[in-house]
Amino acid sequence: MFTNLHSPLQKLDHPTLTNLWIKRDDMIDPYISGNKWRKLKYIIEAAKEKGKTHLVTFGGAYSNHLVATASAAARLGFKATAFVRGEPVDNETLLLCRLFDMKLIFTERELYKNKWVLFDAHFGDDPAAYFIDEGGASMEAVRGCAELIAELPKDFDYIFCAAGTGTTAAGLLQGVKQNGLSSQIHVVPVLKGGAFIKDEIAQFTEITEQLVLHTDYHFGGYAKSTEQLLAYMASFISAQGILIDPVYTAKLFFAIEDLAERNLIRKDAKILAIHTGGLLGIWGMQAKLNAILST
Ligand SMILES: *Cc1c(COP(=O)(O)O)cnc(C)c1O
């Protein structure tokens with residue numbers, strides 16, 4: 001399953017950024033989308049090697065990682081369970097998880113914090129159970145994400161990605177080192193106070209010289225948005241014909257355009273934006289998006 005990856009590189013037709021490219025990791029798979037595919041590749045390989053048949057993981061109610069894990073598990077014949085943060089809810093993301101036959105255990109926020117305690121309490125005596133951290137954060141995930149760089153030409157000035165845990169960013173940093181690229185890796189954390197991402201990245205890779213962090217594009221925090229962001233997202237989608245999502249990639253593209261506008265990056269630089277997928281995030285904001293589209 002983790003072969004024959006389809007992620008084309010496309011040049012965008014943009015009014016001011018004349019050399020802006022997009023890496024379409026969103027096209028890898030509709031459900032094991034974008035960076036989640038790259039992250040799960042070696043995680044699942046490791047689970048298999050250890051003879052595990054039950055993937056146990058963690059996430060919020062709109063987690064792209066949960067859908068990706070559920071879908072991969074169904075395709076590869078694993079059992080899957082997820083601890084879902086917060087009160088029991090129904091939504092489109094969790095419906096997909098259920099259809100892929102992932103078992104959901106809704107977990108109160110305080111308990112959710114200690115993931116290994118939860119895992120041990122429920123699955124400590126299940127030798128088939130395999131712990132996968134929230135968002136897939138792991139060295140295996142870093143290794144999978146690093147592979148993206150080998151698929152690129154070497155002459156990008158800037159490579160941009162959105163960050164939640166920073167695992168993908170760590171992989172890209174590793175990848176540029178391994179492949180001898182001098183590109184700067186520009187990271188846009190989608191959480192408030194995103195400076196912590198630097199420490200998260202440092203847990204996974206020592207190579208951080210090429211890292212540039214932009215912490216002012218969180219729009220209020222994780223899964224938060226503003227009318228400005230959603231209007232930007234709608235205009236990007238209609239101009240480019242490429243779907244982006246409010247949680248990650250809309251913040252990413254907004255940041256690129258804003259930094260260029262303010263001359264903090266060069267407008268004529270060869271820029272790559274990584275479309276990390278995750279389009280299910282749109283369904284979490286239907287009411288707000290409908291309001292914006294009807295004005
Ligand atoms: C999960 C996700 C990210 C964040 O990746 P990290 O490795 O956790 O930083 C970025 N973009 C999309 C679309 C995602 O689903």
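Guide: Buried means under 20% relative accessible area, and exposed means over 50%. Keep those cut-offs in mind as we look around this predicted model.

Visitor: Why is I44 called buried?

Guide: I44 has a relative accessible area of 1%. The cut-off for buried is under 20%, so I44 with its 1% counts as buried.

Visitor: Where does I44 lie, and what does I44 touch?

Guide: I44 belongs to helix α1, residues 35-49. Leaving out residues up to four places away in sequence, I44 touches F2, L55, A72, L76 and F78. Take F78: 34 residues separate F78 from I44 along the chain, and their C-alpha atoms are 9.6 Å apart.

Visitor: What makes K270 count as buried?

Guide: The relative accessibility of K270 is 14%. Buried means under 20%, so at 14% K270 counts as buried. You will find K270 in the loop between α10 and β10.

Visitor: Which side chain makes a polar contact with the side chain of K270?

Guide: That is D155, at 2.9 Å. The cut-off for a polar contact is 3.5 Å between N or O atoms. Setting aside neighbours within four places in sequence, K270 is in contact with N19, W21, P153, D155, F156, D157 and Y158.

Visitor: How do you know that D25 is buried?

Guide: D25 has a relative accessible area of 1%, and under 20% means buried. D25 sits in the loop between β2 and α1. The side chains of D25 and R38 make a polar contact of 2.6 Å. Beyond four places in sequence, the residues in contact with D25 are S7, S33, G34, R38, L148 and H275.

Visitor: Why is helix α10 described as largely enclosed by the rest of the structure?

Guide: Of the 13 residues of α10, 10 are buried, so α10 is largely enclosed by the rest of the structure. The buried ones are T249, A250, K251, L252, F253, F254, A255, I256, L259 and A260. Their cover includes β2, β7, β8 (184-189), α9 and β10.

Visitor: Which residues have the most contacts inside the largest nonpolar core?

Guide: They are F160, L252, F253, I256, I265 and I271, in a core of 36 residues. Two or more residues come from each of β2 (20-23), β7 (158-163), α9 (227-240), α10 (249-261), β10 (271-274) and α11 (286-293). The largest share, eight residues, is given by α10.

Visitor: Which residues is F253 in contact with?

Guide: Neighbours within four places in sequence aside, F253 is in contact with L12, I22, Y232, F236, I244 and A273.

Visitor: Is N263 buried or exposed?

Guide: N263 has a relative accessible area of 59%. Exposed means over 50%, so N263 is exposed.

Visitor: What is the phi of N4, and why is N4 called exposed?

Guide: The phi of N4 is near 55°, a positive value in a residue other than glycine. N4 lies in the segment before β1 (9-11). Its relative accessible area is 75%, and exposed means over 50%, so N4 is exposed.

Visitor: How many residues surround the ligand, and which are the closest?

Guide: The ligand is surrounded by 14 residues, and the closest are K36, K39, T165, T168 and T276. An N or O atom in the side chain of T165 is 2.6 Å from an oxygen atom of the ligand. For T168, a polar side-chain atom lies 2.6 Å from a ligand oxygen atom. In N35, a side-chain N or O atom is 2.9 Å from an oxygen atom of the ligand.

Visitor: How much of the ligand does the protein bury?

Guide: Taken alone, the ligand exposes 390 Å², and the protein buries 97% of that.

Note on methods:
Residues numbered from 1 in each chain as written. Predicted model: local features only at pLDDT ≥ 70, side-chain atom pairs only at ≥ 80, totals over all residues. Heavy atoms only, no water. Core = buried A, V, L, I, M, F, W, Y, C linked by side-chain atoms within 4.5 Å. Buried < 20%, exposed > 50% of the residue type's maximum accessible area, 1.4 Å probe, protein only. Helix = DSSP H or I, 4+ residues; strand = E, 2+ residues; numbered from the N terminus. Contact = heavy atoms within 4.5 Å. Near = heavy atom within 4 Å. Polar contact = N/O pair within 3.5 Å; in protein donor to acceptor, adjacent residues only side chain to side chain. Areas by Shrake-Rupley, 256 points an atom, 1.4 Å probe, with all protein chains shown as cover.
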